[in-house]
Amino acid sequence: MDIEYLLWLQGLRETYGGETFVTLITEIPKSPLSALIPGILFWCFDKKAGLFILFVTSFGRMLNQLIKDTFCVYRPWILDSQVQPTADTLKKASSFSMPSGHTQMATAIYGGLAYFYRKKYPLLIIPCVLIILVTGISRNFLGAHTPQDVLVAIIETVVVMLLADKLFSLIERDRIYGTATFLVGIIFCVAALVYITTKSYPIDYVDGKIIVDPVKAVQDSVDGVGCALGFLIGWILERRFVNFSTKVDKQTKIRRVIISCLVGAVVLSVIYTFKFLGLILIHEFLKGFLPLVTILFLAPLAFDYCERKNLLKKFSWFR
């Protein structure tokens, strides 16, 4: 049934086109625009909402990769040769199939946004759910994932969301739970890292080429562990050394976003320097780790310092 559904979508794609447009749509959850949603919330409007979404995104990402590397489900075109993915999908799909990473990211960011504000802004649920559904269907349309891959991604992210809700309620009640969360989280991340680097992976070939290179599978999972560790480190450092407030005026909020984006640009250059040098495993870890540390700690550290020293008020374009 799932393959028949993919073949039906494939027929629509081949008959009516739309590949380029759907490819653009499917990349929205992993775009800088989507990443800015929890960042801007955290820096300027609602730290709790930003933290909630970032927790769900980072730990959901790690869990997503752990499930991928545990069940090692191959992509749809390996399961059935009738499925023909788009060239871009085939190029980018280097690891296992289940769960869908794009769907997990969409559910974490937009589902997390809808869940956090479900009581305050109930109408927000509609566009957020639509984005999640469109992302999942787009992965099927491009031949990247089966419906099961999409469904598992949504379910596992909702589970992380419910856990985060309970966890942050406990932390708000007593800060000792925050310390416990940090320590348990670190242990879990280390255990996950040991697991993904020591477990065995299936070695199968098609036309003389390995289907999924275990090295690439490990690299993708190191990225996921980096995300979770980045959240924990960034979160605890901000609480200890910055602890900024979002109760600021509009101009200050604009300055915060500009400064944060500048800090982010510097951090991205550092990340891709390691890729340029061929240090791929370090690059993959930092690709997950540093963006979370930047959003949660480095950017707040920079704009908080500028605000306390009144540095930016000297420049008219920052007023």
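Me: At a relative accessibility of 28%, how is Asp88 to be classed?

Reply: The model is a predicted one. A residue is called buried under 20% relative accessible area and exposed over 50%, with partly exposed in between. Asp88, at 28%, therefore counts as partly exposed.

Me: With which residue does the side chain of Asp88 meet in a salt bridge?

Reply: One looks for a side-chain nitrogen of Lys or Arg within 4 Å of a carboxyl oxygen of Asp or Glu. The partner of Asp88 is Lys92, with a distance of 3.5 Å from N to O. Both residues belong to helix α6 (residues 87-92), and because they are four residues apart there, about one helical turn separates them.

Me: Which parts of the chain does the salt bridge between Glu307 and Arg256 link?

Reply: In the salt bridge of Glu307 with Arg256, the closest N and O atoms are 2.7 Å apart. This pair links distant parts of the chain, for Glu307 is in helix α13 (residues 280-309) and Arg256 is in helix α12 (residues 250-276), 51 residues apart. Glu307 is partly exposed at 26%, whereas Arg256 is buried, with a relative accessible area of 2%.

Me: How many salt bridges does the structure hold?

Reply: There are 11 salt bridges in the structure. One of them joins the side chains of Lys48 and Glu172, at 3.4 Å from N to O. This pair also links distant parts of the chain: Lys48 lies in helix α4 (residues 47-71) and Glu172 in helix α9 (residues 147-173), 124 residues apart. Lys48 is partly exposed at 48%, while Glu172, at 59%, is exposed.

Me: How many disulfides does a search of the whole structure find?

Reply: In general, a disulfide is a covalent bond between the sulfur atoms of two cysteines. The search finds zero disulfides here.

Me: Which residues have the most contacts inside the largest nonpolar core?

Reply: They are Phe52, Phe55, Phe59, Met62, Phe231, Trp235 and Leu296, in a core of 65 residues. Several helices supply at least two residues each, among them α3 (32-45), α7 (101-116), α10 (176-198) and α11 (214-241). The largest share, 11 residues, comes from α13.

Me: With which residues is Trp235 in contact, its neighbours within four places in sequence left aside?

Reply: Trp235 is in contact with Leu51, Ile171, Gly178, Thr181, Phe182 and Leu296.

Me: Where on the surface do nonpolar residues form a patch?

Reply: The patch is formed by Leu123, Ile125, Ile126, Val129, Leu130, Leu133 and Ile137, which together have about 640 Å² of accessible area. Ile126 has its place in helix α8 (residues 125-141) and, at 52% relative accessibility, counts as exposed.

Technical notes
Residues numbered from 1 in each chain as written. Predicted model: local features only at pLDDT ≥ 70, side-chain atom pairs only at ≥ 80, totals over all residues. Heavy atoms only, no water. Buried < 20%, exposed > 50% of the residue type's maximum accessible area, 1.4 Å probe, protein only. Disulfide = S-S within 2.5 Å. Core = buried A, V, L, I, M, F, W, Y, C linked by side-chain atoms within 4.5 Å. Contact = heavy atoms within 4.5 Å. Patch = residues over 30% accessible without salt bridge, like charges linked within 9 Å, V, L, I, M, F, W, Y side chains within 5 Å. Areas by Shrake-Rupley, 256 points an atom, 1.4 Å probe, with all protein chains shown as cover.
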